[in-house]
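User: Please go through the contacts between the chains of this model, and then some local details. Keep it plain.

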Amino acid sequence: MKVEGTKELSASRDVVWQVLNDPAQMAKLMPGVEGFEVKDDRNWQAKVKIPLGLGGLRMTIDFTKVEERPPEFAQLNAKGNGVGAIMNMQTQFHLTEAGTGTSMRWEAEVKIAGPVGAMGQRVLQPIINQQVGNVLTALEKQVSEAAASTGGAQQGIHPGSPEAYEADPEGPTHSTEDKS
Amino acid sequence: MLLREVEYARPSSVDEAIRLLAANEGARALAGGQTLVNVMKARAASPDVLVDLNSLDELREISVSGETLQLGAMATYTRIMASSEVDVSRPILAEVAAQIADVQVRNRGTIGGNICSNDPTNHLPPLLVALGASMTIRGADGERTVAANEFFLGVYMTAVGEGELLLSVSVPAAANAADGFASVTIGRDGTCIANAAASLAGGAARVVLGCVDAVPILLEPAGTDEESIRQAVAAASLEPPSDVHASAEYRRHLAGVCAVRAVQQATERGR
Amino acid sequence: MSTTETSTTAAPTELQKGHIGQSIPRKEDKRLVQGQGIFFDDVRRHGMGYVHFVRSPHAHAKILSIDVSAALELDGVYGTLTGDEVAIQTDPFFEMSTPPGANIKDYALAVGRVRFMGEPVAAVVARTRELARDAAELVEVEYEPLDVLVDARESVKDETVMHDDAGSNVVWSGVFDWGDWEAAKAEADHIVKIDELHFHRFSSTPLECSGALVEYEKASGQWTLHCNHQMPGVGAIWMAPSLRTGIDKLRFITRDIGGGFGNKICLHPYYVTLCLLARKLNRPVNWTEWRTDQHTANAHGNERWFHDVEVAVKSDGTMLGFNVKALDDCGAFPRYEPLGCIIWAQVTAGCYGWRNIRVDFTQVTTNKSPVSPNRGYSRMQHLWLTERIIDIVATELDLDRVEIRKRNYVKTEQMPYETPNGCVYDSGDYARCLDIALDLIGYDTIEERRAEAAARGKLLGFGIGSTLDSGTNNFGQSQMLNPELQFSGNNEAATVKLDIFGELVVTLGTVPQGQGHETTASQVVADIVGCSPDQVNVRQGHDTFFNSNAGFSGTYASQFAVTGLGAVKGAADALRAEMIQLAAAVLQCEEGQIELADGFARIKDGPAEAALPFMALGAIVNANNAFLPPDFNPTLNHRFVYRPYFGPVDVEKKMGKLTLTYSTQIHACVLEVDRETGVVEIVDYAAVDDCGVRIHPQIVEGQVHGATAHAIGAALHEEFIYDEDGQLLTSNFYDYHVPHALDVPALKTSAIESPSPFTPLGSKGMGEGGGGGIHCIGSAIQDALKPVGKPIVYDSCNPYHRVWSMLQDPERTRANVEVVPA
Amino acid sequence: MSQPSLSRSIAVEVNGEVYEREVDARRLLVHFIRDDLDLTGTHVGCDTGNCGACTIHLDGQAVKSCMVLAVQADGSKLRTVEGLAPSDDQLSPLQQSFSAHHALQCGYCTPGMLMSASALLEQNPRPTEEEARKAIQGNICRCTGYVNIVEAIVSTGASA
């Protein structure tokens with residue numbers, strides 16, 4: 001299933017790029033995240049309980065940065081292993097400057113395998129749209145927070161460099177999924 | 001067929017139910033169970049605690065007061081079909097309830113369960129938005145009323161938050177209201193591939209499409225003639241899901257056909 | 001409403017017709033209407049464990065590792081089984097095909113690689129059903145996904161190969177060339193070309209899913225399978241060598257079965273896993289398949305493409321022959337295949353008299369659930385092709401669909417009629433059945449009804465589906481696929497005995513799943529031995545230890561009325577002869593003077609006291625035989641193996657008698673299409689059946705009703721649809737819509753009886769129905785849509801969205817068809 | 001206030017007899033009837049609540065027992081197919097009509113059909129063919145094509 005769209009973000013492209021490349025911040029975007037572990041700057045894992053309304057779907061998702069052309073393009077693959085569901089997602093982000101903000105064009109190819117598929121495509125597709133929507137709202141919030149706190153890109157520390165992570169908040173953060 | 005472990009409680013009052021829902025993270029109300037139990041069988045999404053509402057008889061009442069027909073959240077489809085109050089004050093509700101699934105499901109399934117599960121193919125969400133219904137929700141900090149077109153937020157997601165309970169649905173009473181409902185189903189009276197509801201009042205038409213998105217899509221066409229209805233549907237630039245029964249293009253086309261037929265039925269009923 | 005006209009073109013066999021031919025209340029009903037039936041899941045054993053399978057979410061992947069440790073630690077788990085244990089303890093199931101298909105390795109669980117979504121990878125056994133599923137979710141399997149093949153047209157290119165041992169995806173291929181196609185092509189006035197037709201993948205989805213309770217007795221090495229396998233004879237032939245045990249160590253017991261329709265023939269992989277578990281854990285194990293498991297991983301019907309169809313036809317509509325390439329998709333493992341590559345040849349000509357037919361047949365594997373014979377097995381697909389050809393030729397050459405059929409039907413006077421490939425159509429009157437069907441749907445008022453419907457914005461159409469139910473396979477046809485196969489002919493066994501107290505006890509080798517064998521068998525015995533069916537106790541179901549079964553025992557392929565009842569008749573005849581001989585000895589008279597009637601053996605027109613109740617005969621043989629002469633040792637217990645005579649098949653020319661009898665089903669229907677939505681509604685439906693002498697008319701009519709409902713579901717709704725990743729999108733009744741009571745119109749049925757000259761009772765096997773409903777609904781849809789650009793129906797399944805797209809773009813479907821002057 | 005629990009003890013009257021059992025909250029009523037009470041006449045034919053083979057009467061109403069939790073049946077009166085016949089050797093008019101009209105072949109859907117049909121006849125003793133078809137719309141049969149089942153129900157009404 002192909003899902004795509006564009007999102008206007010208030011922060012500058014560098015700030016958006018910084019968020020997209022910071023596993024700790026990206027992990028917080030996932031709905032119902034209960035914990036994450038950064039393996040290296042290209043791989044990290046998030047434990048999530050995706051809120052599906054009638055209950056939660058527990059999944060362990062492994063993210064891999066596949067390709068990047070800072071600060072304009074990033075491609076991310078995600079492999080989710082849950083009970084009764086295997087998710088495979090390729091996502092691409094194209095960032096272009098739009099005045100002081102950034103216009104982000106994103107595409108995602110989502111594949112669900114296993115008995116969850118038995119719920120029927122016409123229920124799954126809206127659910128996937130919904131979850132992608134949640135990720136985008138969380139990204140927007142994350143990006144505006146980042147823009148506000150750094151007042152623009154921190155000089156001298158490249159987001160990819162190891163020191164950038166020492167000052168990271170410890171342990172799993174609470175779910176950022178706002179109360180609907 | 002074999003559910004995950006789950007905790008179960010059967011409160012004897014609404015307030016007790018609300019306390020249980022608020023006190024337990026991952027708790028979910030169990031009404032008729034005709035959707036929730038099946039989702040739990042697939043182990044796709046499982047609540048941790050089930051709060052069974054079937055002892056709360058006060059939620060099964062159907063009553064008319066003044067200009068409003070009030071249906072308790074636990075009113076079953078069978079009870080709605082047999083209710084003289086519904087027949088007198090908004091008969092379309094009984095006619096559509098009679099098209100839902102089969103006798104056994106209608107004996108257990110409830111109006112509250114139907115709209116709170118909000119499966120995109122359900123009959124009642126688009127109908128209640130078209131009728132301008134409103135939902136009464138109670139939580140720890142009191143009651144509030146939400147209009148139908150703000151009630152539905154996503155698949156299996158509504159304005160009813162954690163620790164809250166839907167008490168009832170109120171529908172404006174209008175004996176010979178110009179209401180209509182049309183659908184294209186898998187087999188006779190089967191699951192809806194596309195559906196639409198319409199309610200005409202004072203020359204204006206509320207047309208609501210189901211099955212084309214996670215939530216019912218409310219259209220307010222310029223007129224009630226076929227051309228305005230088709231334009232309103234086109235203007236909505238729908239992106240319906242595609243599945244084995246209908247491509248996005250076919251479902252978009254069916255949405256237009258159902259909208260026109262629902263308005264036609266409403267127009268005839270209104271005469 | 002049903003009308004029955006009886007026309008007997010040949011004299012009925014010498015039986016005094018008493019109970020045969022009557023629709024007596026069924027013996028099976030009393031227990032079934034009280035919920036006292038015994039289905040396999042109703043059988044309980046102390047300490048039994050429940051099995052849950054760990055199934056692959058991928059359609060094609062390597063298995064890198066399986067870790068059952070977490071599952072074993074869960075409280076209440078008794079044990080597990082994985083593919084590597086199966087590969088060590090068992091041998092792959094024998095394959096019927098020639099290379100490359102012969103080299104496919106098929107084990108009870110996936111070994112090294114998974115090849116379809118839902119394929120069992122491991123099994124877990126626990127104290128309760130729920131615990132077994134919990135534990136199954138704790139088994140960690142690491143996969144490496146591979147390219148997926150979901151389209152036979154891709155698979156045949158062998159760019160991705162599913163079975164390395166075979167080296168190709170082709171299971172079997174061969175060319176059948178009967179008559180002289182080139183001559184027919186030259187003689188034709190027109191050649192109608194059809195690029196592609198598609199028979200879709202679906203199955204009968206019996207309401208009771210598969211399963212078994214399996215016990216193992218360490219002392220004797222005996223397995224007992226309380227199960228719903230519908231062909232234990234062949235099931236045991238697959239399982240015993242795989243389990244490296246004697247075939248007698250596999251005792252199959254069936255009691256009641258909730259429908260089979262062919263979908264319960266290829267259960268041997270599951271049953272071998274259960275046998276291994278029962279032995280490993282030394283505890284009875286129950287496996288109950290759930291609906292989603294059955295759709296994703298049990299038994300699908302054959303999906304078949306037809307390419308480059310050429311039809312040689314004269315201007316007056318006389319059909320000379322056709323040439324086609326067939327591509328059959330058998331899913332991940334052949335199992336009962338490649339038999340489907342030849343079974344269709346039983347009805348090569350369909351109902352028609354054309355003499356020149358060429359079929360280039362290939363069967364390939366794909367990453368989809370393995371196929372198993374499904375009601376109408378392989379003949380339905382081919383009959384659909386012949387009926388599509390007739391309808392497309394009629395539409396393109398503006399010929400009347402009724403006249404073109406009557407012109408080309410094989411005529412009654414030609415029967416027994418030998419087809420171009422050596423089969424013999426025994427009896428029938430196709431044209432007469434068609435007339436009755438057309439009369440039932442009010443054919444003569446069709447045009448008025450079409451106009452009236454058009455006024456309501458509805459497109460009305462009528463359709464015809466003429467099919468043959470070939471019954472009683474000659475398994476010798478398998479030698480046309482693989483000459484070394486030691487399979488030919490057919491057989492079934494039954495035992496009839498007169499007990500010490502005069503009760504008649506019958507045991508069958510067959511495996512009824514609703515066909516009423518206990519009742520029809522009692523009717524045959526009662527008429528032969530001279531008593532009432534109530535005095536005949538037919539033991540329920542199948543049990544290997546009855547010792548009343550044979551290699552081909554089971555209930556499949558529309559053969560019970562011939563093989564099953566043929567065996568019962570043989571045994572009853574032998575018993576009858578011995579009873580007469582004994583009575584004559586006791587009453588001191590000539591055997592010719594004795595008659596058996598109303599439960600007595602008596603001297604015809606003799607004094608009342610010169611009558612021995614059956615009990616007397618039973619008592620003499622069992623407990624009072626001192627006075628019998630030394631050379632006369634009656635047992636009153638006769639086992640008979642019925643064997644139809646076929647003679648050898650010609651393997652080179654691929655000719656021979658491939659089946660014994662041919663029942664006829666002619667279906668006709670009227671339907672309306674909503675022009676705006678493509679929704680189809682059947683407004684009139686008739687099915688006419690001719691299956692020779694009917695033992696129990698109501699049971700025969702019930703089979704026609706059931707086959708029609710299956711066909712209506714398949715023609716409009718039921719399809720196993722896979723996405724490009726090999727994920728099944730219609731994996732349960734939520735999206736796989738099976739017709740319910742409001743979907744099936746009131747069916748009008750009628751029947752004629754053309755007795756078969758080749759069978760003991762003049763009866764013919766029937767019940768599969770040849771897909772008559774699929775053909776006639778497709779025909780009616782094409783007729784209804786004619787005013788909107790004459791679109792061509794090219795698929796056997798036409799849900800609303802496909803009908804709608806045909807309405808939007810008729811040209812796209814017509815680009816498939818071309819009429820060329822010869 | 002009743003605290004949520006993983007299992008409960010329940011008392012259920014089935015065909016006139018009261019059964020008391022401790023049962024897991026997650027256990028479906030159909031499995032409770034079949035496995036715990038050994039009343040195996042009620043069957044399972046699907047895993048999405050579509051087929052109706054599990055239909056029983058719960059407090060006088062036809063329901064699918066695969067979509068009710070066993071714990072929900074505490075204090076209720078159930079009737080299953082085993083409770084339809086007035087006595088062991090005498091069938092109800094509906095059961096007799098099913099046999100007379102060959103309204104069953106394999107018998108797997110029959111218990112559920114009988115429960116739906118008997119619930120209909122209790123409310124509407126003389127149903128039309130359309131009413132009979134609507135009453136069993138939730139009961140799938142794969143053998144009979146419904147023709148004889150509808151005839152058996154309508155004729156039971158007619159001769160009542």
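User: How many residues does the contact take from chain C and from chain D?
Analyst: This is a predicted model, where local features need pLDDT of at least 70 and side-chain atom pairs count only at pLDDT 80 or more, while totals for chains, interfaces and linings use all residues. Residues are numbered from 1 along each chain as its sequence is written, chains are lettered from A and ligands numbered from 1 in the order in which they are written, and side-chain values use heavy atoms, with hydrogens and water left out. Contact means heavy atoms within 4.5 Å. Of the five pairs of chains in contact, chains C and D share the most contacts, and theirs takes 56 residues from chain C and 53 residues from chain D.

User: What area do chain C and chain D bury between them?
Analyst: Buried area is the accessible area (1.4 Å probe) that two parts lose on being put together, summed over both. Carbon and sulfur atoms carry 54% of it here, and the total is about 4,400 Å².

User: Which helix of chain C gives the most residues to the side that touches chain D?
Analyst: Across this interface there are 25 residue pairs in polar contact, both at pLDDT 80 or more; a polar contact is a pair of N or O atoms within 3.5 Å, where within protein one must be able to donate a hydrogen and the other to accept it, and residues adjacent in sequence count only if both atoms are side-chain atoms. Helices H1 (29-32), H4 (129-138), H9 (291-297) and H19 (697-716) of chain C each supply at least two residues of that side; helices (H or I, at least four residues) and strands (E, at least two) are DSSP runs, numbered from the N terminus. With eight residues, the largest contributor is H19(C).

User: How far apart are the closest N and O atoms in the salt bridge of Asp42(C) with Arg34(D)?
Analyst: A salt bridge is a side-chain nitrogen of Lys or Arg within 4 Å of a carboxyl oxygen of Asp or Glu. Eight are found between chain C and chain D. For Asp42(C) and Arg34(D), the closest N and O atoms are separated by 2.7 Å.

User: Which residues form the salt bridge between chain C and chain A?
Analyst: The contact involves 12 residues from chain C and 11 residues from chain A, and about 960 Å² is buried between them. The count is one salt bridge, and zero residue pairs are in polar contact (both at pLDDT 80 or more). The salt bridge, at 3.8 Å between the closest N and O atoms, joins Lys111(A) and Asp725(C).

User: Why are the buried residues of H10(B) on the same side of the helix?
Analyst: In helix H10 (residues 226-235) of chain B, Ser228(B), Ile229(B), Ala232(B) and Val233(B) are buried, meaning under 20% relative accessible area, with exposed over 50% and partly exposed in between (1.4 Å probe, protein chains only). The face turned away carries the exposed Gln231(B), Ala234(B) and Ala235(B).

User: Where is the residue of chain C that has a positive phi of about 60°?
Analyst: Most residues other than glycine have a negative phi, and most peptide bonds are trans. Asp158(C) has this positive phi although it is not a glycine, and Asp158(C) is partly exposed, with a relative accessible area of 25%. Asp158(C) lies in the loop between helix H5 (152-155) and strand E8 (170-178) of chain C.
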